[in-house]
Amino acid sequence: NDRVFKFLEVKILDVKPGYSKIQIPYKEEFCRRGNVLNGGIIMTAIDFAGGLATLSVNDGIDQVTQELKINFLEPMYKGPFTVEGKVVRKGRTAVVVQIEFRDSEGKLGAIALGTWYIIRDRVVKKEGG
């Protein structure tokens, strides 16, 4: 249902409690000058993998990315790319996930640490008050 997920042609390879593994293809549309994968594409894939790992342990009703820090280590141009998320800590309102982004040869291109906020209930505000 997510349009960005479809645009990236994300394939879910594995999801189990506290873990996710996805794959995205190499496409010219995802690249910047020099046929290197754009950092925003890498960040989006990392956000999806971290979100899926969080979803696998989420006992609330929803979640949102609260913080995401990424270190880009190597230019990425050998796809398909694999992204793995591992829950480091699950709290009542926040889940911390470490995510690694690798090329088809297993080279680590980026590593990230993110926090997902767990939504426990929906507060509906009435119009005008």
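Which residues do ring pairs link into a cluster? They are Tyr26, Phe81 and Phe101. This is a predicted model: local features need pLDDT of at least 70, side-chain atom pairs count only at pLDDT 80 or more, and totals for chains, interfaces and linings use all residues. Residues are numbered from 1 along each chain as its sequence is written, and side-chain values use heavy atoms, with hydrogens and water left out.

**The sheet**

- Six strands form an open sheet in the order β1-β2-β6-β7-β8-β5, with antiparallel pairing. Strands (E, at least two residues) and helices (H or I, at least four) are DSSP runs, numbered from the N terminus. Two strands pair if DSSP finds at least two bridges between them.
- The edge strands are β1 and β5 (62-72), and each pairs on one side only.
- From one strand to the next, the twist averages 20°. Axes here are lines fitted to C-alpha atoms, for helices over the stretch in contact, and angles run from 0 to 180 degrees between N-to-C directions.
- Strands of a sheet pair through backbone hydrogen bonds, either parallel or antiparallel.
- Helix α2 (residues 39-55) lies across β1, β2, β5, β6, β7 (94-102) and β8 (108-119). This helix runs at about 135° to β5.

**Strand β2 and its partners**

- Strand β2 (residues 19-24) has six residues, and five of them are buried, so the strand is largely enclosed by the rest of the structure. Buried means under 20% relative accessible area, exposed means over 50%, and partly exposed is in between (1.4 Å probe, protein chains only).
- β2 pairs with strand β1 (residues 11-16) in the antiparallel sense over five bridges. Lysine 16 stands opposite tyrosine 19 in this pairing.
- Two residues lie between the strands in the hairpin of β1 and β2, where glycine 18 takes a positive phi near 80°.
- β2 also pairs with strand β6 (residues 81-90), in the antiparallel sense over six bridges. Here isoleucine 24 stands opposite phenylalanine 81.

**Serine 20**

- Serine 20 lies in strand β2. Serine 20 is buried, with a relative accessible area of 0%.
- Its side chain reaches the backbone oxygen of alanine 49 at 2.6 Å.
- Serine 20 touches residues including Asp14, Leu52 and Val83, not counting residues up to four places away in sequence. Contact means heavy atoms within 4.5 Å.

**Rings and charges**

- The whole structure holds four aromatic pairs. Rings of Phe, Tyr and Trp (its six-membered ring) pair if their centres lie within 6.5 Å; planes under 30 degrees apart count as stacked, over 60 as edge-to-face and the rest as tilted.
- The rings of tyrosine 26 and phenylalanine 81 have centres 6.5 Å apart and planes at 45°, so the pair is tilted.
- Tyrosine 26 is partly exposed at 30% relative accessibility, whereas phenylalanine 81 is buried at 0%.
- The charged end of lysine 16 sits over the ring of tyrosine 19, 5.1 Å from its centre. The cut-offs are NZ of Lys or CZ of Arg within 6 Å of the ring centre and within 35 degrees of the ring normal.

Key: A polar contact is a pair of N or O atoms within 3.5 Å; within protein, one must be able to donate a hydrogen and the other to accept it, and residues adjacent in sequence count only if both atoms are side-chain atoms.
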